[in-house]
Amino acid sequence: MMEFLYFPEDKTEYIPAVISLLIFAVGAVLVMRWIINVNKKQEQRAEEQFGDPVEHSPAQDQQGREHEDSK
């Protein structure tokens, strides 16, 4: 029967796996930061083109509901 998990006796066999894990983890962090930066630039362009969006905080929404209920 073939073993499902393989744990090598020689721990140096883990080195290539750790190196590739680090490369992909660093790459994922860099791509995430790049996407965030692009998103911020797009948000600034949209605000310049269309103006600031009207934002309502949850507290303002609650006050509006209370005002409507008192009518």
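Guide: Helix 1 has 36 residues and reaches 52 Å from its first C-alpha to its last, close to the 52 Å expected at 1.5 Å a residue, where the expected span is 1.5 Å times one less than the number of residues. This is a predicted model, in which local features need pLDDT of at least 70 and side-chain atom pairs pLDDT 80 or more, while totals for chains, interfaces and linings use all residues. Residues are numbered from 1 along each chain as its sequence is written, and side-chain values use heavy atoms, leaving out hydrogens and water.

Visitor: How many helices and strands does the chain have?

Guide: Helices (H or I, at least four residues) and strands (E, at least two) are DSSP runs numbered from the N terminus; this chain has 2 helices and 0 strands. Helix 1 is followed by G51, whose phi is positive, near 90°.

Visitor: Is L22 buried or exposed?

Guide: Buried means under 20% relative accessible area, exposed over 50%, and partly exposed in between (1.4 Å probe, Shrake-Rupley method, protein chains only). L22, which lies in helix 1, is exposed because its relative accessible area is 51%. Of the 71 residues of the chain, 1% count as buried.
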